[in-house]
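Here's a quick briefing to read with the model open beside you. Start by looking at the structure itself, then work through the notes below.

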Amino acid sequence: MSTAAEKFGSMVFDESVMKERLPKETFRQLQRTMKDGRSLDINIANVVANAMKDWAIEKGVTHYTHWFQPMTGITAEKHDSFISPDVDGKVIMEFSGKELVQGEPDASSFPSGGLRATFEARGYTAWDPTAYAFIKNGVLCIPTAFCSYSGHALDKKTPLLRSMQAINRQALRVVHLFGNEDVKSVKTTVGPEQEYFLVDKKYYEERKDLIYTGRTLFGAPAPKGQELEDHYFGTIKSRVQAYMKELNEELWKLGILAKTEHNEVAPAQHELAPIFTTTNIATDHNQLMMELMQRIAKKHDLVCLLHEKPFEGINGSGKHNNWSISTDTGINLLEPGDTPSENAQFLLFLCAVIKAVDEYQDLLRLSAASAGNDHRLGANEAPPAVISMFLGDELTEILKAIENEESYDGKEKELMRVGVHVLPKFPKDSTDRNRTSPFAFTGNKFEFRMLGSSASISGPNVILNTAVAEELKQFADILESADDFETALHDLIRDTIRDHKRIIFNGNGYDDAWLEEAEKRGLLNLRTTPDALPCFLHEKNVKLFTSHKVFSEEEMQSRYEIMMENYVKVLHIEALTMAEMAERDILPAVSGYAHSLTDTVLAKRSLGAEIDTSYEYSTVKKISSLTASAYEKLETLKRVASEAGTISDFEKEAFYYRDMVIPAMDALRGDMDLLETMTDTSVWPFPTYGKLLFGI
Ligand code: ADP
Ligand code: MG
């Protein structure tokens, strides 16, 4: 295989492979299952499983796995081989329909937030026939959903699929009202842009903080940061290029159309953007992408950091979730059209998103909340913790004209009447260059920019799909019973703009003035993870998810617990790592250094009083007092970290970490980073920011 085109999708059991390898009738029935979500007949499953096995064995595969996305946020797999004993003591390679359709992982150790009592500790995985099987690392992977025996979702995929059904149901009602009877299904699409850092593996291995927590817990800034925006250092460049080439090729084999590219913002930081696809596939692909990014980096003696804030003082990493809605007939419902009717439909979908983002700000905010992302959101970094929407000046003007029943002063001097007038054209390029908005309209899609780089994109998309489904439902309820469709539509759009325009903000989201303005508008400012997460269980949100059958109340409760506990666990590990590095690495090193300086002072003095010892003497003095201060802060950190462990209420514990443990960590770091700046580099116990970021 040589060309990129030949490689593309070569490791995916996709439609073309199925067509080639399955009997016509089986292929037809499988297609129906995949498109309409019907359950799969076991006889068909047997034929499909056998064809999959033969295809995989030809590619040197001996094992298969049900590949799933538990609540840990990463993917899980348990490998089984195709080998079965045969009658004559030999073995045969087997893979049955039953094994394809359902698996039983011994998964009692995945987080379930109390959903799986121990007597039913095993969940089961069920094939998600809307996603293709693929070969990864020599193993046939069957994409699956993961549920408990009582039917509760234990993973991140099941609710996503449910939310896609919810928006499909409601969006179909709306497009049919506009006379688009030929539309049979509506799906949301996503293209997630992924940011990441690369560091040299040999330096990574010398840093316990990177190994245990994914971020640097100590580190004085290098003399150079990102201010010159000249990103990238010669020595590592060819390795990075080789890495990107291999990564692209491996992703293509899995049918992921990705394009890695340099990012100019922070040193050692990069971005990878795939071509968008259906949301559940995009979610699978993003998980695979993160896994491959990390695995392939090691082959190039690099380590890929997906943490939201690996380094203090330079930009962190996020993920931009580009989201849109399209029909099976190929219409992007968030793209302004050419006719009055198309425009009216676009405006109605736009209004559904505006209303959804306003009414469910809290959910969107919490969907991006994590200990790691708290270093970005609301911490003077892109974007702020307040949710607002950017629509661009032209579209905002149009909405204003509709709201006030005025003429739009753009290209057309006409009264804006929805469904009657053609929207004035606004060039796509003028719609977005605002990089500070958390939720920006970019011409034919929305870009949700709050996501952390390491998170699964499932959560935010479950919320977007479900919230917009709810608004479409309300719209369809009104419009279906209207006597005069045109008038009802116009009024609905006008009223929605009037009631929810507070969420629209086209200015600079980093500006402090915006935070004041947002407060006046009554928008939420949920600064940290423990502020945001409890909103998940607010009554309106429980109603939203249960009424669209996306989560049951028990599932919501368990997810809330898992998210809060995750926050606590991450901070707990960070606190312990910090204490260990301070106590066993940094303090002994600086104390030893102070000793050697003291020796020098004494040695010099023995030569006579005229020898100057000012540098050594004053450095020992500074180091000694800072060491004493750091020691005290270390003791405080150890005390609050162990105090946290005695709190049995998980909510109280999360707030305790935020209010007591994080400040103790920050205080300790402050002293240690100062100590770093006055200590001989050769005795500093781990590589500096200069080494990590610039290789020096
Ligand atoms: P940029 O944000 O740098 O201007 P683009 O606008 O070209 O780049 O696209 C960014 C991402 O948005 C890409 O991953 C792309 O695939 C995705 N995207 C484009 N159109 C859609 C759509 N209709 N639905 C979802 N994602 C989309
Ligand atoms: Mg973008």
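Two strands pair if DSSP finds at least two bridges between them. Helices (H or I, at least four residues) and strands (E, at least two) are DSSP runs, numbered from the N terminus. With that in hand, strand 15 (residues 318–327) and strand 18 run antiparallel and are joined by five bridges.

You're looking at a predicted model, where local features need pLDDT of at least 70, side-chain atom pairs count only at pLDDT 80 or more, and totals for chains, interfaces and linings use all residues. Residues are numbered from 1 along each chain as its sequence is written, while chains are lettered from A and ligands numbered from 1 in the order in which they are written.

**Confidence**
- The protein has a mean pLDDT of 89 (pLDDT is the predictor's confidence in each residue, from 0 to 100), and 90% of its residues reach 70 or more.
- For the complex, the predictor gives an ipTM of 0.95 and a pTM of 0.92.

- Strand 18 covers residues 446–452, and seven of its seven residues are buried. Buried here means that 20 or more other C-beta atoms lie within 10 Å of the residue's own; 12 or fewer makes it exposed, anything in between is partly exposed, and C-beta atoms are placed from the backbone.

**Helix 13**
- Helix 13 runs over residues 393–403, and its buried residues are Leu395, Ile398, Leu399, Ala401 and Ile402.
- Looking down the helix axis, these buried residues fall within an arc of 160°, so they line one face of helix 13. The arc is that of the directions from the helix axis to the C-beta atoms.
- What do the buried residues of helix 13 pack against? They pack against strand 17 (439–441) and helix 15 (485–500), with contact meaning C-beta atoms, placed from the backbone, within 7 Å.
- Just after helix 13, Glu405 takes a positive phi of about 50°.

**Around ligand 1**
- The shell around ligand 1 has 15 residues, with Thr189, Gly191, Phe276, Asn322 and Ser324 coming nearest. A residue counts as near if its C-beta atom, placed from the backbone, lies within 6 Å of the molecule or strand.
- Strand 10 (186–200), strand 12 (269–274) and strand 15 each give two or more residues to this shell; strand 10 gives the most, with four.

**Strand 7**
- Strand 6 (residues 102–103) runs antiparallel to strand 7, joined by two bridges, with Gln102 opposite Ala126.
- Strand 9 (residues 139–147) pairs with strand 7 in the antiparallel sense over four bridges, and Thr144 is the bridge partner of Trp127.

**Arg376**
- Arg376 lies in the loop between helix 12 (361–367) and strand 16 (389–390).
- Arg376 counts as buried because it has 25 C-beta neighbours inside 10 Å.
- Gly318 is 58 residues from Arg376 along the chain, and their C-alpha atoms are separated by 8.6 Å.

Key: Two residues are in contact if their C-beta atoms, placed from the backbone, lie within 7 Å.
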